[in-house]
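Subject: Handover of a structure, with notes on what it contains

Dear colleague,

Please read them alongside the coordinates.

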Amino acid sequence: MKLISLLIQNFKGIKEFIFTPNGQNVAVYGNNGTGKTTLPDAFCWLLFGKDSAGKADFEIKPLDADNNPIHNLETVVEATLSVNDKETKLKKQFSEVWKTKRGEAEAKFSGHTIDHFVDGVPVSEREYKL
């Protein structure tokens with residue numbers, strides 16, 4: 001399997017980044033806190049739902065200056081992979097769900113959804129994992 005490209009939007013500390021190794025071996029260098037670990041975390045989350053250390057319970061949402069999650073952002077990670085010279089595009093989209101109860105004027109946060117796509121087609125989580 002070769003990584004052709006990796007698109008990251010609103011994942012941890014990255015607002016938007018496109019990484020294009022084009023199937024080549026790469027090394028990522030940088031100062032502490034510049035997002036080096038976020039690249040493999042995003043890729044592992046896309047494939048396995050875990051970070052690069054194998055933890056499923058980690059914060060993927062961007063945080064504000066007080067370390068609180070920033071709301072109303074969609075987190076997207078999309079990779080183009082080459083497997084046996086055939087390209088496949090995988091995408092995960094993590095979104096907040098806001099609901100307004102009857103009689104209330106303001107919507108309240110009620111959870112998250114994760115949508116899965118293969119080659120641009122929505123699929124169930126079960127199909128995605130195959």
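Strands S3 and S4 pair in the antiparallel sense over nine bridges, where two strands count as paired if DSSP finds at least two bridges between them, and where helices (H or I, at least four residues) and strands (E, at least two) are DSSP runs numbered from the N terminus. This is a predicted model, in which local features need pLDDT of at least 70 and side-chain atom pairs count only at pLDDT 80 or more, while totals for chains, interfaces and linings use all residues. Residues are numbered from 1 along each chain as its sequence is written, and side-chain values use heavy atoms, with hydrogens and water left out.

To stay with that pair for a moment, S3 and S4 form a hairpin with two residues between them, and Asn84 in the turn has a positive phi of about 55 degrees. Val76 of S3 has Gln93 as its bridge partner in S4, and Val76 is also the bridge partner of Gln9, S1 and S3 being paired in the antiparallel sense over seven bridges. Eight of the nine residues of S3 are buried, so this strand is largely enclosed by the rest of the structure; buried here means under 20% relative accessible area, with a 1.4 Å probe and protein chains only.

The sheet as a whole is open and antiparallel, with six strands in the order S2-S1-S3-S4-S5-S6. Strand S2 (14-19) and strand S6 (121-123) stand at the edges with a single partner strand each, so one side of each has no neighbour in the sheet. From one strand to the next the twist averages 20 degrees, angles being taken from 0 to 180 degrees between N-to-C directions of lines fitted to C-alpha atoms, for helices over the stretch in contact. S4 (residues 86-99) and S5 (residues 108-118) are joined by ten bridges in the antiparallel sense, and Val97 stands opposite Gly111 in S5.

Helix H1 (residues 38-48) lies across S1, S2, S3, S4 and S5, running at about 100 degrees to S1. Gly49 follows H1 and has a positive phi, near 75 degrees.

Turning to the pockets, I used a 1 Å grid over the protein atoms alone, a pocket being an open set of points where a 1.4 Å probe fits, with protein on both sides within 12 Å along at least five of seven lines, and lining residues having an atom within 4 Å of a point. The largest pocket has a volume of about 430 Å³, a volume being the space filled by probe spheres set on the points. Its lining has 18 residues, of which Leu47, Phe48, Gly49, Lys92 and Tyr128 lie nearest the centre, and H2 gives the largest share, four residues. The second largest pocket has a volume of about 220 Å³, and of its 13 lining residues the closest to the centre are Leu3, Phe19, Val26, Val28 and Leu39.

With best regards

Technical notes
Contact = heavy atoms within 4.5 Å. Buried < 20%, exposed > 50% of the residue type's maximum accessible area, 1.4 Å probe, protein only.
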